[in-house]
Amino acid sequence: MTGPDDDTTHSALASVGASLAMAWASGPGRLLLRVALAVVASVVPVTAAWLTKTVLDRLTATAGRPVLLPVLLLALTGVAAAVLPQAVQFAEAEMKRAIDLTARERLYAAIGRIPGLRRFEDPRFHDRLSLAADTGPSGPSEVISGGLGGAQGALMLAGFVGTLAVLSPWMLLPVTLAAAVALRGEIRLSRYRARTIWRLGTSTRREFFYAQLLTSMSAAKEVRLYGLGGLFGTRMLTELAHINAQRSRMGRRELAVQGTYAFLGALVAGAGLVWAVNAARAGRLTVGDVSVFIAAVAGVQTGLTIVISSTGRMHEAMILFGHYRHVVGAGPDLPGPPDGGAGRPVRPLRTGIELRDVWFRYGDDLPWILRGVTMTIPAGHATALVGPNGAGKSTLVKLLCRFYDPTRGAVLWDGVDIRELPVDVLRRRIGTVFQDYMAYDLSAADNIGVGNLDAMADRERIVAAARRAGCDPALEALPRGYDTMLSRAFESTEYDDPGSGVILSGGQWQRVAIARALLRDDTDLLILDEPSAGLDAEAESEVHRRLREHRAGRTSLLISHRLSTVRDAEAIVVLSGGVVAEQGGHDDLLAAGGIYAGLFELQASGYRDDVRS
Ligand SMILES: Nc1ncnc2c1ncn2[C@@H]1O[C@H](COP(=O)(O)OP(=O)(O)OP(=O)(O)O)[C@@H](O)[C@H]1O
């Protein structure tokens, strides 16, 4: 991935095209209104200057000439000049809101379409993602407003340059020179600004991370117990100090560059004023000429300032919008089916899932986690996976769900490589309780319902899943039953009752996570990664009894460190050092006297010792 320096002219122009297309898609009427207002706003000052000249010349002319019409027109342009800024602001805000909505919709849809997990672990992608989320939605309106502002300034500039050309062509030279220098400086400034924002991405995210730790509910316990407030606070402030130093450097540079141009502009205007007054004294200019000259010099300066600042704003927005376009256009991080089509249909599992010589590591420079794993999860049977911490059990689950592809080897679904299957359909066939399952700040019903969107509104199925997971009595007893918010982060919107949110215990949450997976009752494969780690002994045995009933005749993969819960599995696979070290039934493995037998004996003796003592 590249930084904004690599954003070429082509890419910047593509940002303009994409911005216009998005503005048009968000509401052509708003875009056209904004364009029309820009045209009017550019014409008004020039018209006002010429009308002022006409009025003054007619007033000072020896033979009295009618002034009513130009005065009325001048008053009209005054009204337009007074109302236009508000109208432009309103039209711009309307357009911005509409584009923001479209841009966010497309951004989050694109993020949702990333099938794998690899991108989310890439810090550079994260930097881009936060820039895309922060600046992307306002990017198109910034590009368009900058462009229109620039066009408006340019039109106004053209009008006043024409005026100057008529009155004093030689004044054009210093004015144009000052403009060219200022424009170049502003473009370099905008590039520098965009580069600084990009460079500050990591610090900004870190600062946000520490700020969140200091305020989040989930970290509150440890932060207080270990007295981490000071440490995280200092780290947050260090990041902030770094960000502020960079921004302050940027501010100083802006001040130096823009101050110099303002000074140059004022010098040119002052010199012009001296000349005009002298020319009027000498009778070469009328009073009206002097007024339009003063307006023209000021207008050229204003027009230039608008062109320069708008170009800078547009340029910076184009570069930053490049990050948004990159994220939205990034495409999938896992290859689709080989023929480029929809992929082969995922048929209900008949024979089983096979891992064939699977090698996997999380990155080219990271160690191998799986080193040629070959095993089968037969259809209709319960398979258990055990092994020490870090053996790669959860990694294997991620490969089964196809969050990553094996670095070498293949995962086969009834003999078909899962890379040939549509990943979303494959995932619909799998129900999983992850070791690090999510606890959503949603109602109890929604926390289960998200496991199967088709059943989300079906309370009966949700309650049935909760019963199977053994959490129905606990949820039923909540203040609002299944409608109770399982969080204190938000007020319940339905009841508008800040006291209605509850916090479940770890074991209760675990059962809710199990119910979520069980709501997918038509899946082919049920994966349970440490489903009962947080349960007390009685609850654990009850949950396992229910799960056994549920799994009976279904294909399941159970991962557990408590070997008493896996002994009933038809096949137990021991993963160690990234390879399948042993496999077989409980009795066979015990008889073999290998790793499993050793672990089982260790756990059993722990209980026996406790009973004896
Ligand atoms: N996203 C990741 N990026 C890099 N390394 C990872 C990632 N996830 C896991 N690992 C590494 O992969 C190895 C296997 O982790 P995994 O979670 O699969 O083990 P496990 O057998 O499930 O362990 P446990 O019994 O502790 O749950 C560990 O060394 C871990 O540090």
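Predicted model: local features only at pLDDT ≥ 70, side-chain atom pairs only at ≥ 80, totals over all residues.
**Reading sheets, helices and domains**

Trainee: In which sense do E7 and E8 pair?

Mentor: Strands of a sheet pair through backbone hydrogen bonds, either parallel or antiparallel. Here, E7 (residues 525–529) and E8 (residues 555–559) are joined by five bridges in the parallel sense. Strands are DSSP runs (E, at least two residues), as are helices (H or I, at least four), numbered from the N terminus; pairing takes at least two DSSP bridges.

Trainee: What is the strand order of the open sheet with mixed pairing?

Mentor: Follow E6-E7-E8-E3-E9-E10, six strands. E6 (430–433) and E10 (579–584) are the edges, each pairing on one side only. Ignoring direction, neighbours in this sheet are turned by 15° against each other on average. Helix H16 (residues 506–518) packs on the sheet and touches E6 and E7, and its direction makes about 175° with that of E6. Angles run from 0 to 180 degrees between N-to-C directions, with axes fitted to C-alpha atoms (for helices, over the stretch in contact); contact puts backbone-placed C-beta atoms within 7 Å.

Trainee: And which strands form the antiparallel sheet?

Mentor: That open sheet has four strands, in the order E2-E1-E4-E5. Its edges are E2 (370–378) and E5 (416–417). E4 (residues 408–413) and E5 run antiparallel, joined by two bridges, and Leu-412 stands opposite Asp-417 in E5. Helix H11 (residues 393–400) packs on this sheet, touching E1 (352–360), E2 and E4; the direction of H11 makes about 115° with that of E1.

Trainee: How do I read two packed helices?

Mentor: You give the angle between their axes and the distance between the axes. Take H6 (residues 172–199) and H10 (residues 287–328): the angle is about 25° and the axes are 8 Å apart. That makes H6 roughly parallel to H10, a label for angles under 35 degrees. Among the residues that meet are Val-175, Leu-183 and Ile-197 in H6, and Val-300, His-315 and Leu-320 in H10.

Trainee: Where are the domain bounds?

Mentor: Domain 1 covers 4–328, domain 2 takes 348–429 + 526–613, and domain 3 is 435–522. Such bounds come from an automatic or database domain assignment. Between the C-alpha centres of domain 1 and domain 2 there are 58 Å.

Notes. Residues numbered from 1 in each chain as written. Parallel < 35°, antiparallel > 145°, perpendicular 65-115°, else oblique. Contact = placed C-beta atoms within 7 Å.
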